[in-house]
Amino acid sequence: MKIEVSESPPLANAAAAADLARSLLSPEARSLVVAGGNTPLELYRLIAGRSLSLGRLHIFVLDEYAGVPLEDPRTCTNLLRRTVQEAWKIPPEHFHPLSSLEKEALASVRDEERRIAALGGPDLAVLGIGPNGHLGFNEPGSPADSAARLVDLEPSSVEANRRWFGGEHAPARGATLGLKTILAAKHILLLAYGSSKAEAVKKMVDGPRSERCPASWLQGHPEVKVFLDRAAAARLQG
Ligand code: GLP
């Protein structure tokens, strides 16, 4: 794991954008898994600002709230359609959405995992991390070989979801790509900013590799770059 600590999120985003732009321009890069949430949005905007020619890329949504109307602009799918597919000028048919309807979410994420496998696994993944160490919606208790599935979320994640939806929805389940697919990505970028992530970052980097902190499985991956601000890095040793 390579860890880069910047003074502030804007500096970390600039460093991450330079790194991601390089990877995206590699001719081998065809499939990209992207996280929703707040953390990567500025990175996505910086990439859009570079006007790169990225039309060959396939964009896969990492995870999705289950139990939210499809048209809600705050689903991960709708957020990533705007901030990645449209902003980066990727053909719409290269965007792989997930369904946020409870009855469709599981089938859609399983189908997505099959489509990623058909492309030879993800070339790149851009990830955030939950305060409890989750990757996507792979909550604590997720083994490294877990598959795409519908997950019952921890109370802290349900509360984060409630805040995300301004109290209008509080999805208690999420559909997520499994850790097996995430860990199969050839290159992984993970961003974490702010003191609320410091404990999860410490467990991810310094803790034992364990289901208790799903992000700790990244320790065994050969190509992970972690971009942190000072606050998120505050509890790291050394
Ligand atoms: C959310 C999503 C993840 C995201 C993480 C952090 O619940 N399931 O895809 O990476 O939690 O979100 P944020 O970046 O808003 O802190």
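The model is predicted: local features need pLDDT of at least 70 and side-chain atom pairs pLDDT 80 or more, while totals for chains, interfaces and linings use all residues. Residues are numbered from 1 along each chain as its sequence is written, and side-chain values use heavy atoms, without hydrogens and water.

**The sheet.** Select the 7 strands of the open sheet, ordered β1-β10-β9-β6-β2-β3-β5 with parallel pairing. Its edge strands, β1 and β5 (95–96), each pair on one side only. Strands are DSSP runs of E of at least two residues, helices runs of H or I of at least four, numbered from the N terminus; two strands pair if DSSP finds at least two bridges between them.

Next, select β6 (residues 124–127) and β9 (residues 187–192), parallel strands joined by 4 bridges. Leu124 has His187 in β9 as its bridge partner.

Select Val5, which lies in strand β1 (residues 2–6). Val5 is partly exposed, at 32% relative accessible area (buried is under 20%, exposed over 50%, partly exposed in between, with a 1.4 Å probe and protein chains only).

**The loop.** Move to Arg212, in the loop between α7 (198–206) and β10 (224–229). Arg212 is exposed, with a relative accessible area of 69%. Beyond its neighbours within four places in sequence, Arg212 is in contact (heavy atoms within 4.5 Å) with Asn132 and Pro140. Finally, select Glu139: its C-alpha atom is 8.4 Å from that of Arg212, although the two are 73 residues apart along the chain.
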